[in-house]
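Dear colleague,

I am passing on the structure below, and I would be grateful if you could look through it alongside the notes that follow.

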Amino acid sequence: MTDDALAAQLLEIFGEELEEQLRELNTELLVLERLPDDATRLAAVFRVMHTLKGASRAAGLSQVEELCHALEHELGRARDAHSPVTGSQIAILFEAADALAEVRERLRRGERADTDAVLVVMRHIRAQTGQPSEPAPVAAPVTPQREAPKAPLERTDEVRTEAVRVSINQVDSIAGVAGELAGLVGALSERADNIAALRTRLRDAGGARAENINAQVDGELTILLRHLREDTRNFQSVTGRLAISARRLRQRPAKDLTESLPRLVRDVASELGRQVRLVVEGADIEADRVVLEALRDPLLHLVRNAIDHGIQPPDVRKAAGKSAEGEVRVAVTLRGDRLRVSVSDNGPGVDLAAIARQLVRKGRTAPKDRDLLLRTILDDGFTTREVATNVSGRGVGLGVVRAAAERVGGDVEIATVPGHGLTITLDLPISVATMRVLLVNVNGAMLG
C-alpha cells in the first residue's frame with residue numbers, strides 16, 4: 001500500500017471514529033450540563049477526548065489532536081479536583097463538539113480537516129485558562145508507515161458489534177438480483193403449467209396403438225412435474241430470503257435520524273429562552289436508509305418549528321396554566337408498510353384565523369374547509385410571522401418538509417387542538433428500493 005493510500009485509509013478510519021465519538025460527546029454533554037458534578041459523565045467526556053486525541057494523532061491531524069489534548073487536560077484537572085464543571089467550560093465543550101462536527105463534514109467532502117472553527121475554540125480555551133496565546137506544541141504526529149497500524153485506540157470500556165461497511169450500490173445490486181430471481185420463479189411456474197397441459201393432451205389423445213406409449217410418457221411427465229413444482233417452491237423460498245436480506249442491508253434504525261435531536265433542542269431552546277423537554281419514541285424501528293436520509297432535514301425543520309412556534313416562553317405558559325417547561329415529542333411508528341414520523345408540541349396550537357388573515361393579505365382566498373386551511377401552512381413561502389428570526393419566519397421550513405416527503409412517495413398530515421398543541425406527521429413508504437406490483441395485459445396494453 002502506498003503512503004497516500006494509507007493516509008487516505010487512516011483518515012477514513014478517523015472519520016468513522018469521529019462520527020461515533022461525536023454522538024457520545026453530545027449525549028454526555030447534555031447530561032453534564034444538567035448535572036455538572038456528575039463524575040461519571042465527566043469521565044465519559046474525558047474518555048471521548050482521549051480517544052479522539054489518539055485517533056487524530058494516528059491520522060496525522062495535528063490541529064484536532066491539539067484541541068483534544070487541551071480539552072483533555074482541562075477535564076482531567078476538574079476530574080482530579082473533584083470539582084463540578086463550570087458553565088463556561090460546558091459552553092466551550094459544546095463549541096468544540098460543533099468544531100469537530102465541521103471537521104467530520106470536511107472529511108466527508110474530501111477536503112482538508114483544518115478549519116478555523118478549531119482555532120477559534122483553541123483561542124477560547126487559552127483565554128479561559130490564562131494560557132499564552134500560543135501553547136507549547138504537542139508531540140509531532142506519527143508519520144504513517146507502509147504497514148498499516150492497529151486500530152487508533154483500543155476500547156476496553158464497551159463491547160462493539162461487528163459490522164461491515166457496504167456500499168449502497170452493492171445493496172441495490174443484490175436487490176436487483178433478487179428481483180431477477182423472482183422473475184425466474186415465475187418462469188419456472190409457467191413451465192410447470194405447460195408440462196401439465198402437455199400431460200393432459202397426451203391423456204386425451206387415446207387410441208389403442210398409442211396407449212402404452214402415452215402411459216409411459218404420462219408417468220414420466222408426472223414425476224417431472226412433481227419435481228419441477230418442488231424445485232419452484234424451494235427456489236421461491238430462497239429468493240424470498242435473499243430479498244429480505246437485501247432489504248435489511250438497506251435498513252437502519254430510526255435512532256440514526258433522532259440521535260442529533262437532543263443537542264438541537266438544547267441549542268434552539270437556549271437561543272429562544274424556552275424550557276423544552278424532548279421525548280423520542282420508536283427509535284429502534286428500522287426503515288430504508290434512503291427514506292431516513294430524506295427525513296433528516298425535514299425532521300430538523302419540524303423540531304425547530306415546534307420549539308419556536310409551539311413552545312411559548314415560560315412566563316406565557318405559566319399564565320396559560322401550563323408548566324414552564326414545554327414538551328416536544330417525536331414518535332416513529334409503523335403502520336403496515338408505511339413509516340410514520342410525528343412531531344408534536346403541547347403549545348397553543350395553530351391560530352386558524354391568523355392563517356386566513358395572512359392568506360388574504362397575500363391576495364389569496366382562505367379555504368372555508370378547516371383541514372384545507374390548515375394545510376396551507378405547508379405552502380412554499382407561507383408564514384404567519386411578521387419578522388423572521390434565525391430559527392423561523394421565512395416561510396421555507398414546512399415547504400421543504402412537504403417537498404421532501406413527496407420525493408419519496410410520502411405525504412404530510414396536520415392535526416391541531418386549540419390550546420393543546422400541533423402534530424405534524426410524515427407518512428412515507430418504509431422502503432423505496434423495491435415495490436410489488438401487479439401487471440395486467442388488456443387487449444395488448446400492459447397495465448400496472
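Two strands are taken to pair if DSSP finds at least two bridges between them, and helices (H or I, at least four residues) and strands (E, at least two) are DSSP runs, numbered from the N terminus. This is a predicted model, in which local features need pLDDT of at least 70 and side-chain atom pairs count only at pLDDT 80 or more, while totals for chains, interfaces and linings use all residues. Residues are numbered from 1 along each chain as its sequence is written, and side-chain values use heavy atoms, with hydrogens and water left out.

The model contains an open sheet of five strands with mixed pairing, in the order S2-S4-S5-S7-S6. Strands S2 (276–281) and S6 (411–417) stand at the edges with a single partner strand each, so one side of each has no neighbour in the sheet. From one strand to the next, the twist averages 15 degrees.

Within this sheet, S4 (residues 326–335) and S5 (residues 338–345) run antiparallel and are joined by eight bridges, with Val330 standing opposite Val343 in S5. Helix H9 (residues 261–272) lies across S2 and S4 and runs at about 160 degrees to S2, where axes are lines fitted to C-alpha atoms, for helices over the stretch in contact (heavy atoms within 4.5 Å), and angles run from 0 to 180 degrees between N-to-C directions. Helix H10 (residues 289–310) also packs on the sheet, touching S2, S4, S5 and strand S7 (421–429), and its direction makes about 15 degrees with that of S5.

With kind regards
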